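I opened this entry to keep track of what I looked up, one item after another. My notes follow the order in which I went through the model.

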Amino acid sequence: MKHRIHTYINCFKLNGSERCLTKRCFNFKLDKEIVIKMYKKMTTLNTMDRILYESQRQGRISFYMTNYGEEGTHIGSAAALDDSDLVFGQYREAGVLMWRGLALDQFMNQCYGNCEDLTKGRQMPVHYGVKKT
């Protein structure tokens with residue numbers, strides 16, 4: 001097994017009711033392009049959530065679980081993984097699949113369970129299953 005050398009991001013934490021920093025070390029070494037891609041994916045996920053949640057409330061789809069407030073954890077953790085790493089996502093982790101390249105129309109097809117759905121409508125909405133991502 002090939003060992004990889006990792007560079008680690010120094011962490012900081014906020015303590016107390018005044019939220020004082022206990023360690024002032026911000027050593028985030030991310031390319032500008034990656035940061036922009038992460039931001040775009042987080043905002044796209046939020047927009048997709050709004051559209052699909054409203055569709056569910058209107059009765060157009062039977063079930064939908066939003067990812068509100070969790071966008072950063074999905075995109076950040078997915079960005080830290082290699083493309084060859086396996087991901088076993090859950091229904092509130094659409095951001096990981098989005099980062100891995102699942103197209104918006106594939107999300108929509110799965111939620112609507114139409115003939116273009118990769119699972120051909122045989123899976124409950126928001127329970128994505130994609131081998132390639």
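I began with asparagine 67 and listed its contacts (heavy atoms within 4.5 Å); leaving aside neighbours within four places in sequence, asparagine 67 touches Leu45, Asp49, His74, Tyr91, Arg92, Glu93 and Ala94. This is a predicted model, in which local features need pLDDT of at least 70 and side-chain atom pairs count only at pLDDT 80 or more, while totals for chains, interfaces and linings use all residues. Residues are numbered from 1 along each chain as its sequence is written, and side-chain values use heavy atoms, with hydrogens and water left out.

I then placed asparagine 67 in the loop between helix H1 (32–57) and helix H2 (71–80), where helices are DSSP runs of H or I with at least four residues, strands are runs of E with at least two, and both are numbered from the N terminus. Is asparagine 67 buried or exposed? Its relative accessibility is 1%, so asparagine 67 counts as buried (buried is under 20% relative accessible area, exposed over 50%, partly exposed in between, with a 1.4 Å probe and protein chains only).

Next I looked at how H1 and H2 are placed. Two packed helices are described by the angle between their axes and the distance between the axes. The axes of H1 and H2 come within 9 Å and cross at roughly 140°; axes here are lines fitted to C-alpha atoms, for helices over the stretch in contact, with angles from 0 to 180 degrees between N-to-C directions. H1 and H2 are therefore oblique to each other, given that angles under 35 degrees count as roughly parallel, over 145 as roughly antiparallel, 65 to 115 as roughly perpendicular and the rest as oblique.

For the contact itself, I noted that Met38, Lys41, Met42, Leu45 and Asn46 of H1 meet Glu71, Gly72, His74, Ile75, Gly76 and Ala79 of H2. By class, this contact of H1 with H2 holds five nonpolar, four polar and two charged residues.

I also checked arginine 122, which lies in the segment after helix H4 (104–112). Arginine 122 counts as exposed, because its relative accessibility is 67%. Its C-alpha atom is separated by 9.2 Å from that of glutamine 110, 12 residues apart along the chain.

Buried residues make up 26% of its 133 residues.

Definitions and conventions: Ala, Val, Leu, Ile, Met, Phe, Trp, Tyr, Cys and Pro count as nonpolar, Asp, Glu, Lys and Arg as charged, and the others, Gly among them, as polar.
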